[in-house]
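Could you look over this structure with me?

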Amino acid sequence: EDLSYLHSTGQRDDKESYIAMSIEATPRTVGRGETEVLVYGDVAVVRGDYQIHIEPDAEYPDGRHTNASGLQVWRREDGTWRLFLHQGTAYPKPAA
């Protein structure tokens, strides 16, 4: 059950820390844009854009919004697809 999840902020999580972050973090909404899935036997590559909106909290009273591109690698183990690798890259913020 390997997982390497690299957020668009540069933060890196393994499975344990990703689950903890998902449970304990400020609520967020994730939207997906067009997604492409390429399957190579028991490995799948998923790429596409996504948007994350994080609700306001003490550190960010106005909340946060990120537009990013993601690349994921999934592998099939005993008939079940499991996320193995995620690499997020944030798009530059528009000039104000």
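The points below start with how the model was treated and then go through its features.

1. This is a predicted model, in which local features need pLDDT of at least 70 and side-chain atom pairs count only at pLDDT 80 or more, while totals for chains, interfaces and linings use all residues. Numbering runs from 1 along each chain as its sequence is written, and side-chain values use heavy atoms, with hydrogens and water left out.

2. The largest pocket holds about 570 Å³ of space. A pocket here, on a 1 Å grid over the protein atoms alone, is an open set of points where a 1.4 Å probe fits, with protein on both sides within 12 Å along at least five of seven lines; lining residues have an atom within 4 Å of a point. The volume is the space filled by probe spheres set on the points, which are joined across faces, edges and corners. Of the 23 lining residues, H7, M21, R28, I52 and I54 lie nearest the centre of the largest pocket.

3. Which elements supply at least two residues each to the lining of the largest pocket? They are helix 1 (15-24), strand 3 (28-40), strand 4 (43-54), strand 5 (64-77) and strand 6 (80-90). Helices (H or I, at least four residues) and strands (E, at least two) are DSSP runs numbered from the N terminus. Strand 5 gives the most, with 4 residues. By class, the lining of the largest pocket has 9 nonpolar, 10 polar and 4 charged residues; Ala, Val, Leu, Ile, Met, Phe, Trp, Tyr, Cys and Pro count as nonpolar, Asp, Glu, Lys and Arg as charged, and the others, Gly among them, as polar.

4. The second largest pocket has about 210 Å³ of space. It is lined by 12 residues, with D2, L3, K15, R82 and L83 closest to its centre. Helix 1, strand 5 and strand 6 each give at least two residues to this lining. The lining of the second largest pocket divides into 6 nonpolar and 6 charged residues, with no polar ones.

5. How many salt bridges does the structure hold? There are 5, each defined as a side-chain nitrogen of Lys or Arg within 4 Å of a carboxyl oxygen of Asp or Glu. One of them joins R75 and D2 at 3.5 Å, N to O. This pair links distant parts of the chain, 73 residues apart: R75 is in strand 5 and D2 in the segment before strand 1 (4-6). R82 pairs with E77, their closest N and O atoms being 3.3 Å apart. A network of salt bridges links D2, R75, E77 and R82.

6. E36 and R47 also meet in a salt bridge, at 2.6 Å, N to O. Here E36 of strand 3 and R47 of strand 4 are 11 residues apart. Both count as partly exposed, E36 at 35% relative accessibility and R47 at 41%; buried means under 20% relative accessible area, exposed over 50%, and partly exposed in between (1.4 Å probe, protein chains only).

7. Last, V37, V39 and W81 form a nonpolar surface patch with about 270 Å² of accessible area together. Patch residues have over 30% relative accessible area and no salt bridge; like charges are joined within 9 Å, and nonpolar side chains (Val, Leu, Ile, Met, Phe, Trp, Tyr) within 5 Å. Accessible areas come from the Shrake-Rupley method with a 1.4 Å probe, and for residues only the protein chains shown count as cover. W81 is found in strand 6 and is partly exposed, at 32% relative accessibility.
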